[in-house]
Amino acid sequence: MRDGQHIAVVGAGISGLAAAYHLQQAGHRVELIEREPEPGGRCGACLLGDRPIMAGGRLIGRKYTALREFLTELGPFGLEPYPLRMSRIVDGALFTIDHRDRSGGLRHLIEAGAPAPDVAKFSYLAARAMTADGLLEPGYYARLAAHSDHKPLSEHFGPALTAILLRPMTVWTHGAEPEEVYLGSFGATLATVLDDFDRLTGGIQPVFDAVSRQVVLRTRATASRLLVRNGRVRGLVIAEKGAPPIEHRYDAVLVATPALAAADLVIDEFPAVGKLLSQIRYLPAAAAVVEYDRDIFAPDVWGITFDDGPCRAVGPESPSRRDIVRYIFAGRDARPLPSARSLETWLARTERTVLEHCAATGATRRHRVTRTWDTAYCAYLPDHGDFTAKLRHEITACTGLAVAGDYLIGTSLEACFRSGTSAADDLLAQLM
């Protein structure tokens, strides 16, 4: 392969960031193409007052080895522990479920009415996920999908365990109801909620700043079409900062966007790939981050989940900033995405409940920021491994093209990061 080839990476989320850095480290000239004003994708990098925050995906699991190695190599970047212990409101009081207290959690399920066979089945699945890395790759859960994904997760368990445990898990990790999740992809959910987490103290922006010093970052730039000559990808048509579309020549293109955006980009030249990508469905979500004039959460409370309503989870920003509260609106009751006025109504209603149960009635807002995403979460197909096998087969015929994203091996930051580096490796192998 010639040194210093010119490669475009479309999409500046975590997958695109990983791919661009990996390609640059391999000695190539990389342009990172992002249609939004700022990089970061669904991490939702923004300002709360003058404080940089991540309104979207932000937690880094202890099992996120590839992402952690990257942060160490590029950084250092500050990390602080963020325990994932969610509380439910039970009989007017907060009840906390801690994944490290397995016996206490199982006892709570049984006392709440979950049948013993359901609890035993869940315990077995959780044990199989404990040693997993949370990726949708070949293994126990992929084999399970072959004979279990004919019906959704909710039909594998009774209504009590589904309501008490499964729904908070699936909505938090996938924005999906248990009726929209399949057993074959549930292992990634379990591995995520059974992990321990840290958060970047300075947010994601310093990470993107470091990468953009090594690659060319083009924001407000929308790629609309691939340029293909003799069956090989040779460039992109890009409209930048409101200017008319222009053809740009590249030696290869890596598309690291949500599946539906990738489908729109490739379908004219590679219809089989575009058709497969267009099968993927996404689920919306919204987030509100509010800074108050006092701490809201006590030191032993890390979040509250709700059994119904559009807001499904609330938690503090960090151990040291319990005056900043993150509200997540997801699941069936949060669809379709609300108007700004409706979102404020949802927020105010949830806020009253949270302040009451946290003994913080009377707290006032200092700053507030909201974000919405039409494609917040990937809704995985049943037998996801069958889909990825077909996609890999079709992509092999697309010389000079690779794809990465949350629809391949998972939604976590680690899964998206690994998807980006894997796609970069595929592209480099093609071009040798």
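## Terms and model

A residue is called buried when its relative accessible area is under 20%, exposed when it is over 50%, and partly exposed in between, using a 1.4 Å probe and protein chains only. C43, with a relative accessible area of 3%, is therefore buried.

This is a predicted model, in which local features need a pLDDT of at least 70 and side-chain atom pairs count only at pLDDT 80 or more, while totals for chains, interfaces and linings use all residues. Residues are numbered from 1 along each chain as its sequence is written, and side-chain values use heavy atoms, with hydrogens and water left out.

## Confidence

The predictor's confidence in each residue is given as pLDDT, on a scale from 0 to 100. The protein chain averages a pLDDT of 90, and 95% of the residues score at least 70. Among the elements of the chain, the lowest mean pLDDT, 62, belongs to strand β8 (residues 93-97), and the highest, 98, to strand β14 (residues 252-255). Helices (H or I, at least four residues) and strands (E, at least two) are DSSP runs, numbered from the N terminus. Where pLDDT is low, the predicted coordinates should not be read in detail.

## Cysteines

A disulfide is a covalent bond between the sulfur atoms of two cysteines, and here the term is applied to a pair of cysteine sulfur atoms within 2.5 Å. By this rule the count is 0 disulfides. The closest cysteine sulfur to that of C43 is in C416, at 8.3 Å, which is too far for a bond. C46 is in no disulfide either, since the nearest cysteine sulfur, that of C43, is 11 Å away. At 17% relative accessibility, C46 also counts as buried.

## Nonpolar cores

In soluble globular proteins, nonpolar side chains tend to be buried together. A nonpolar core is taken here as a set of buried Ala, Val, Leu, Ile, Met, Phe, Trp, Tyr and Cys residues joined through side-chain atoms within 4.5 Å. The largest one has 47 residues, and those with the most contacts inside it are V9, F70, I204 and L254. Apart from this core lies another, of 40 residues, among them L190, V193, L194 and A376.

Contact means that heavy atoms lie within 4.5 Å. Leaving aside neighbours within four places in sequence, L254 is in contact with residues including A8, V9, V10, L23, A404 and L427. H174, which lies in helix α6 (residues 159-174), is buried, with a relative accessible area of 6%. When its neighbours within four places in sequence are left aside, H174 is in contact with T189, L283, Y377, C378, Y380 and T411.

## Aromatic rings

Rings of Phe, Tyr and Trp (its six-membered ring) pair if their centres lie within 6.5 Å, and planes under 30 degrees apart count as stacked, over 60 as edge-to-face and the rest as tilted. The count by this rule comes to 8 aromatic pairs. One of them joins Y124 and Y140, whose ring centres are 6.1 Å apart with planes at 80°, so the pair is edge-to-face. This pair links distant parts of the chain, with Y124 in helix α4 (residues 116-130) and Y140 in helix α5 (residues 140-148), 16 residues apart. The rings of Y140 and Y141 have centres 5.1 Å apart and planes at 85°, so this pair is edge-to-face. Y124 counts as partly exposed, at 42% relative accessibility, whereas Y141 is buried, at 10%. Elsewhere, Y21, F70 and F417 form one aromatic cluster.

A charge sits over a ring if NZ of Lys or CZ of Arg is within 6 Å of the ring centre and within 35 degrees of the ring normal. R128 lies over the face of Y140, at 4.0 Å from the ring centre, and R58 lies over the face of Y82, at 5.0 Å.

## Backbone details

Most residues other than glycine have a negative phi, and most peptide bonds are trans. The peptide bond from G75 to P76 is cis, with omega near 15°, and P76 lies in the loop between α2 (65-74) and β6 (79-81). Also cis is the peptide bond from R335 to P336, with omega near -5°, where P336 belongs to the loop between β18 (324-329) and α11 (340-357).

K241 is not a glycine, yet has a positive phi of about 50°; this residue is found in the loop between β12 (232-240) and β13 (246-249) and is exposed, with a relative accessible area of 54%. A359, also not a glycine, has a positive phi of about 55°, and with a relative accessible area of 73% this residue is exposed.
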